[in-house]
Amino acid sequence: MPDGVVATGSVRHRKIQAIRAIKAVDFTASNATVEELARDIARRFPNLWTDEKIIQLVLDAKENKLMETEEVPTSLTSTPVQSGQLDHKTPQTTHSSPGKALQADSARKDSIVKGVQLPVLGAGSATSPAHPVGPLQATQTNLLAPPQDSYDKLYRNHISLGLELASLERKYLMLRYDSNRMFSPPRTLQKQTGAVYCVAHYEKQHALKQLKERIADLEGRLKGKLAPKDRATYTAQYNAAAIEYRSLMTELDVISLQAEEDGVLRRQVSSYCLSNYYNKEPLPVLYPMNTDVTVQNYRTVKLPPVASTNRSRYVLMKKLGSGGFSTVFKALDLNTAQVVALKISRKETSVEGDEHAADTKRWLFLNREAAIYHHLKHPNIVQLNSDPIFVNSITGRVVLNPAYEPYDEIVLSMELCEGGDLHDFLALLCRSDKQARTEHELLTILLQIAEALKYLHTLESPIIHNDISLRNILLTENGVWKLSDFTLVKPLADRKEVQMITSLAGTKPFTAPEKLLQGVFGPASDMYSYGVVAFACFVGNINLFLVPNNFAEAPGRGSLVDRARADLCSGTCYVCNPSDRVVDLIVNLLSLDMNMRMTAEQVCHTLSEMLSGYRKVKIKI
């Protein structure tokens, strides 16, 4: 049909002509926008479809989605004509009631277009000119919002993805466990005293005992008077026994390491089987939990509207851990299809009743964490993916106004750190890796955590983390170490302020002496905890800080600082023997006088100077 000619005939005939005209447009050669093309189609074929439908047809044709079978869909023949789009020269061909048609069209348009005012593409009217003045402000991507059905289909697909990932998590854990079950100790050996890991370990220990007796016997013979021939024979036997002894010791070390790893796996399996629950429901589950939509019926049940507060937002796939305040789950965000770490903190119920629970210090800690954590932005701090969410677990609703509506759960969606924590890195990875850790690698880890503390302590309103420990330092898949868990965070008025403790909380071996002895804390308290972490990174344990009353003088060993220096300079540090400058740094951080400790800024400067003399090596994980 020539351009500019208005089509005539029946509605079905004109729709066929319009669809073919749309498919005949050469989008590569044409400089016209989608809106201009749609406006031209509306002018040539008036009174057929709504504005949004014409734009959608043009977009489908541009993406080659407009098939021959779609030329005259049944739904199109019954589409009402939009008010203001009528061509006054052409009579209205629909036989439906104008009032009902307008209501149906308005309802359908509201469900498709949300707050977007589109230009009228048909003949002009007094209120809606055919060619509006000025360019269209909306882009092609936001002119039309996907219908509810499209959102629901994507939502159901994301739930299926979360359930499949949860299944793979379980299979992977069981596969690792099955491959290490040979190192599990039999029941008959578990009752024995001493470290017996498995049958092979028991057998090699027995062989080692016999070998020691054999070596002692040969040493006794070689000390006596022997003929040259006999001495040569015993010497050869002694050398062979010594070589076999060293080989057995190596094999025992390997078995011990494998048994330790198996112990960790068995604890993970036990945790998965016994505590992989949310609110007494076995995972995976939808969160917030809704009695209407579950992982069993999500494919068939009618879903709540997209913006509804009753619509679940996550699939809880696996429990990662729990503490005194919160529980962390590995979850799938149903809006973004992103795997996240979901920290859920629930309000405790007091003896007097739930109405008094909001006044508890624990609940105040959690609300303060949600308010402060939201504003922390640093590459070495675990970041939040979105604003905190407040949930009423009884109704399964997201609370939009927490100041006025009751809620009993605070939810933080955080980035997932799959590399584990610093404790497991030191306990397992350093032991199983045959290549010893270098001082440069350990200082690189410590510098990243010091940078996070420097950021917190130098804010306009300084913040104290208040719970620095090996478990709260996490590793990402990209090899970046990050500080996490801000439940006990405390804001200060300035950097030099020292506050009195209102409640003692934290991980005791890492707790600064001024907290326990004087009842005060400040930025220097974080630096003491950081010093304990640095000590563990080289020595491989924190046994020095587990001794009761360890801040007091020890007979024959001196103060805590003296004992720490002795352990660091012993030359037998399990992970790495530090240099003298590193020893001085750690000992300074462990000083009992909080005013003598270095600040986070000074530690960052010192570590940067140390690392500048090393060749940069990527940490092997």
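How many helices and strands does the secondary structure of the protein chain come to?

1. Overall make-up. The chain comes to 17 helices and 15 strands; these are DSSP runs numbered from the N terminus, with helices being H or I of at least four residues and strands E of at least two. Please keep in mind that this is a predicted model, in which local features need pLDDT of at least 70 and side-chain atom pairs count only at pLDDT 80 or more, while totals for chains, interfaces and linings use all residues. Residues are numbered from 1 along each chain as its sequence is written, and side-chain values use heavy atoms, with hydrogens and water left out.

2. Of the 621 residues in the protein chain, 43% are buried. Buried here means under 20% relative accessible area, exposed means over 50%, and partly exposed lies in between, using a 1.4 Å probe and protein chains only. Among contacts with a separation of 6 or more, 66% are between residues 24 or more positions apart; a contact means heavy atoms within 4.5 Å.

3. The seven-stranded sheet. An open sheet has its seven strands in the order S3-S4-S5-S6-S9-S7-S8, with antiparallel pairing. Two strands pair if DSSP finds at least two bridges between them. Strand S3 (285-287) and strand S8 (397-399) stand at the edges with a single partner strand each, so one side of each has no neighbour in the sheet. Neighbouring strands of this sheet are turned by 45° against each other on average, direction ignored; the axes are lines fitted to C-alpha atoms (for helices, over the stretch in contact), and angles run from 0 to 180 degrees between N-to-C directions.

4. From S3 to S5. S3 and strand S4 (residues 314-322) run antiparallel and are joined by three bridges, with tyrosine 287 opposite tyrosine 314 in S4. S4 then pairs with strand S5 (residues 327-333) in the antiparallel sense over seven bridges, and leucine 316 stands opposite alanine 331 in S5. These two strands, S4 and S5, form a hairpin with four residues between them.

5. Is S9 mostly covered or mostly open? S9 is mostly covered, since six of its six residues are buried. Glu409, Val411 and Ser413 point one way, Ile410, Leu412 and Met414 point the other way, and all are buried. In a regular strand, side chains alternate between the two faces of the sheet. Strand S6 (residues 339-346) pairs with S9 (residues 409-414) in the antiparallel sense over six bridges. Alanine 341 has methionine 414 in S9 as its bridge partner, and arginine 346 stands opposite glutamate 409 in S9. Strand S7 (residues 389-392) runs antiparallel to S9 and is joined to S9 by three bridges, with isoleucine 389 opposite valine 411.

6. Where does UniProt place the feature "binding site"? The UniProt record, an unreviewed entry, puts that feature at Lys343; UniProt positions are given in the numbering used here, feature names are shortened, and annotations may be inferred rather than shown by experiment. Lysine 343 is found in strand S6 and is buried, with a relative accessible area of 6%. Not counting residues up to four places away in sequence, lysine 343 touches residues including Glu369, Ile410, Leu412, Asp485 and Thr487.

7. Helix H17. This helix (residues 600-612) has 13 residues and reaches 18 Å from its first C-alpha to its last, close to the 18 Å expected at 1.5 Å a residue. The expected span is 1.5 Å times one less than the number of residues. Ala600, Val603, Cys604, Thr606, Leu607, Met610 and Leu611 are buried in H17. Seen down the axis of H17, its buried residues fall within an arc of 165°, so they line one face of the helix; the arc is that of the directions from the helix axis to the C-beta atoms. Their cover includes helix H12 (439-457), helix H14 (523-539) and helix H16 (580-589).

8. Helix H15. In H15 (residues 560-568), the buried residues are Leu560, Val561, Arg563, Ala564 and Leu568. They cover an arc of only 165° around the axis, which puts them on the same side of H15. The buried residues of H15 pack against H14 and H16.

9. Phenylalanine 27. Phenylalanine 27 is found in the loop between helix H1 (11-23) and helix H2 (34-44), and counts as partly exposed at 21% relative accessibility. Its contacts, not counting residues up to four places away in sequence, are Ile22, Leu37, Val58, Ala61 and Lys62.
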